[in-house]
Amino acid sequence: MSEEPLVRTQALTKLYRGGVRAVDDVALEVRRGDVYGFLGANGSGKTTTIRMLLGLVRPTSGEVHLLGQPVPRAVDRVLTRVGALVEGPGGYAHLSGRANLQVLDAAGGGSLRRAARRRRTDEVLEHVGLDPGDRRPVRTYSLGMRQRLGLAAALFRRPELLVLDEPTNGLDPQGITEIRELLLALNREGTTVLLSSHLLAEVEQMSTRVGVLADGRLVLQDDLAELHAPTGRVRLRTPDPDRAVALLAGRVEHRDGDVLLVRSPDAAALNAELVGAGIPVAELGPERRSLEQVVLAATGAAREAS
Ligand code: ATP
């Protein structure tokens, strides 16, 4: 039997007052070991969905299960196993980052003794690229530093599942790379990650699975490897496209100048066929779609259907 997903929603819907359907009939599935990239334009409903997963917003209808427990009803049973960073880290502005983490763990009923808590604090601060010796109050932190501190808080208890709403918000390119590497390293060690982003390239670089929200609806959800799988067509470039079209007759599905898209499951066989007929080939390989193409197609199809 396959394991229960760490996050599972069914027909999840949120209507705000005024009739805004922020989230509409969403069925998410995040499995253990995933880095799940939750994509969508600003206002598409990502934050509302994430807040419902964590029991911070009550759904209008539908179901949420987090680590197998119904949310919001039994969310308390699993929250200690989940680290979350949602909509800008909070914290006490007059305290240092270090003090904030310690207060947070103590307030959350952390079971560590003082020395161990101090050690863990140093460790997570270093992990996210903050200086454990920094005594300045959080009010002096840049947005990027606050984001790192929020991430440190989410990591503090070594959660099984990390839920991060736009974790690279406010970071510079170097910071984005560092956080990406940190999340990938945690994932290799067994942490499941759900992160939202409006940046396709970011999600494409680190996710194993993606879900795409458009106007509150989940228009696509699949493993990245599936989305990048060959399409069953071969893309080739030849200096003699007319002869190639004549040879391949009905198999050419698209032509753009000297580039042809040919229906064929076997690129090597197609190459041999062309070369055998004396048609030179400049470039040839199985067609794969980029995440951008897949997302645009899914979003466009959903708009047309509505
Ligand atoms: P962003 O990346 O900009 O945060 P998002 O994808 O997270 O966008 P949400 O913040 O979930 O989107 O918002 C989805 C829709 O719900 C938007 O139209 C927003 O205006 C609306 N909305 C969000 N919160 C509320 C609220 N408390 N009351 C009324 N409408 C809301």
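1. The crossing of helix 8 and helix 9 is right-handed. This is a predicted model. Five nonpolar residues, no polar ones and one charged residue make up the contact of helix 8 with helix 9.

2. Now the geometry of that pair. Helix 8 covers residues 241-248 and helix 9 covers residues 267-276. They pack at an angle of about 115°, and their axes are 11 Å apart. That angle makes helix 8 roughly perpendicular to helix 9.

3. Which residues of helix 8 and helix 9 meet? Helix 8 brings Ala244, Leu247 and Leu248. Helix 9 brings Leu270, Glu273 and Leu274. Glu273 is charged, while Leu270 and Leu274 count as nonpolar.

4. From helix 4, the residues in contact are Arg148, Leu151 and Leu155. They meet Gly175, Glu178, Ile179, Leu182 and Leu186 in helix 5. By class, this contact of helix 4 with helix 5 has five nonpolar, one polar and two charged residues. Arg and Glu count as charged, and Gly as polar.

5. Next, the ligand site. Residues surrounding the ligand include Tyr16, Val20, Ala22 and Glu166. Also among them is the run Ala41, Asn42, Gly43, Ser44, Gly45, Lys46, Thr47 and Thr48.

6. For Gly45, a backbone N or O atom lies 2.8 Å from an oxygen atom of the ligand. For Thr47, a polar side-chain atom lies 2.6 Å from an oxygen atom of the ligand.

7. Two backbone points deserve a look. Most residues other than glycine have a negative phi, and most peptide bonds are trans. The peptide bond from Val71 to Pro72 is cis, with omega near 5°. Pro72 sits in the loop between strand 6 (69-71) and strand 7 (82-85).

8. The other point is Asp25. Where is Asp25 placed? Asp25 is in strand 2, residues 20-26. Its phi is near 60°, a positive value in a residue other than glycine.

Methods. Residues numbered from 1 in each chain as written. Predicted model: local features only at pLDDT ≥ 70, side-chain atom pairs only at ≥ 80, totals over all residues. Heavy atoms only, no water. Axes fitted to C-alpha atoms, helices over the stretch in contact; angles between N-to-C directions. Helix = DSSP H or I, 4+ residues; strand = E, 2+ residues; numbered from the N terminus. Parallel < 35°, antiparallel > 145°, perpendicular 65-115°, else oblique. Left-handed = near helix turned anticlockwise from the far one by under 90°. Contact = heavy atoms within 4.5 Å. Near = heavy atom within 4 Å. Polar contact = N/O pair within 3.5 Å; in protein donor to acceptor, adjacent residues only side chain to side chain.
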